[in-house]
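Look at how strands line up beside one another. The tour below moves from one group of strands to another.

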Amino acid sequence: MSQTVSIVTLGCKTNQFESAAMSEQLSRAGYRQVDFDDGAELVIVNTCTVTAATDSQSRNLIRRARRNNPQARVVVTGCYAQVDPETLAALPGVALVIGNEEKKDFLQQLTSLDNDHIQISVTDIRQVDTAEILPLSSFDQRSRAFVQIQNGCDAFCSYCIIPYARGRSRSVSVTDVVLQVETLSQAGYPEVVLTGIHIGNYGKDLQPQLDLLALLRKIESSSFHGRLRLGSIEPTELPDELLDYMCAADWICPHYHIPLQAGDDDILKQMNRHYSTDFFYELLCRIQQRQPDAAIGLDIITGFPGETEQQFRDTCILLQKLPFSHLHVFPYSRRPGTPAAELKEQLPGNIIKQRAAKLREIGERKLTDYADGFIGQTLDIVIEGGVTNGQKKGLAANYLQVHVAADGVEQGDLIPVKITKSCAGILTGEICR
């Protein structure tokens, strides 16, 4: 019988993509994949290290793997493994710790597992200057496909450990990206999502130097058919030429994910974010003028060290006037190894929690107002898995969740739906036959 394996993933879409690629390679190598709680013989924990809390989650998952199967051998990878491999190697059951760069060769690493000797294989990722795409032809139980176009980050925001965990910004070649997009499109995925750590920086390290707009034009001229969605893009990396192109391209989802991070200029400076709140407001207005119905998602951190009550109120005022649809709120978490962790006036957790709740209320109202505007309209949605109360959920191009009757639709179908109802930002509709 083949060896059982389970992969558990924390963190961003880049980690999810890399886990999917490892999963495909394991299946081809003869491993039998089982649920994490079933107690696999081999468990791969793909970690996140954005906050101290995610570090704790990763350690708990490693301990759970051993409780599920005391004989399990645990392989740890991801960003936590990259920045602190020794701590993870000391946990019971860990047989191998590999860094992010070693993911591409992880099958070879598995062949040398030794029950008596814990192995650590972690490259100094800041010395890596190229990006290699992990081959991937399918996504289990997913209706949408993801393509990693870039890795690493050069921004060095004061609260963020990612440049140390992912290395410098490195772009996948245009040829490799286009081939992956075409392959997944031909495999029947109606939507492909371009992901990375810092995709707005795409192409600056390539020879000849390119940018995200050049990549999009190459994809447009390829055999790709379907719709394309872009991952998070920094506000300083959306020039008018790129906006004009995206607005005119009906095959690109009218959905922007733009990190704001703070609604106060002094806090933005302390975060090492290189724009002002006025710049951000004007950017969102330019997007709305070009695409009035576009979805705009924002990331914001609350409770940054020294954030005053007035600065928080100013953030709330800014958010209320910004034209956006989705708000992702992140309570600040002190991350050792970052400049922000050394700042004085670290806020107490109860204050941060209260502020996060207030921001989420603003976000919920914005989403409800945005979704209500689509009642009576027809949206193309991609059907996702699972059935709840006789309905399946799908995702519209503008990132709204839509529920439809489950009869006659399958996961991965791209169908037109007339919207009949909106409730708390979730739409319900009828399939246009």
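What follows is a short walk through strands and a helix in a predicted model.

Begin with an open sheet. Three strands form it, in the order β7-β10-β11. Their pairing is parallel. Which strands stand at the edges? They are β7, residues 145-148, and β11, residues 227-230. Each has a single partner strand, so one side of each is left without a neighbour in the sheet. The strands are also turned: neighbours in this sheet make an angle of 25° on average, direction ignored.

Now look at one pair in that sheet. Strand β10 covers residues 191-195 and pairs with β11 in the parallel sense. Four bridges link β10 and β11. Find glutamate 191, then look across to β11: arginine 227 stands opposite. A helix joins the picture here. Helix α8, residues 212-220, lies across β10 and β11. Its direction is at about 165° to β11.

Side chains matter when you trace any strand. In a regular strand they alternate between the two faces of the sheet.

Strand β15 spans residues 378-388, and strand β18 spans residues 414-423. The two run antiparallel, joined by five bridges. Here isoleucine 381 stands opposite isoleucine 415 in β18.

Strand β18 also pairs with β19, residues 426-431. How many bridges do β18 and β19 share? There are six, in the antiparallel sense. Finish at the turn. The hairpin of β18 and β19 has two residues between the strands. In this hairpin, alanine 424 takes a positive phi near 55°.

Methods: Residues are numbered from 1 along each chain as its sequence is written. This is a predicted model: local features need pLDDT of at least 70, side-chain atom pairs count only at pLDDT 80 or more; totals for chains, interfaces and linings use all residues. Side-chain values use heavy atoms; hydrogens and water are left out. Two strands pair if DSSP finds at least two bridges between them. Axes are lines fitted to C-alpha atoms, for helices over the stretch in contact, and angles run from 0 to 180 degrees between N-to-C directions. Contact means heavy atoms within 4.5 Å.
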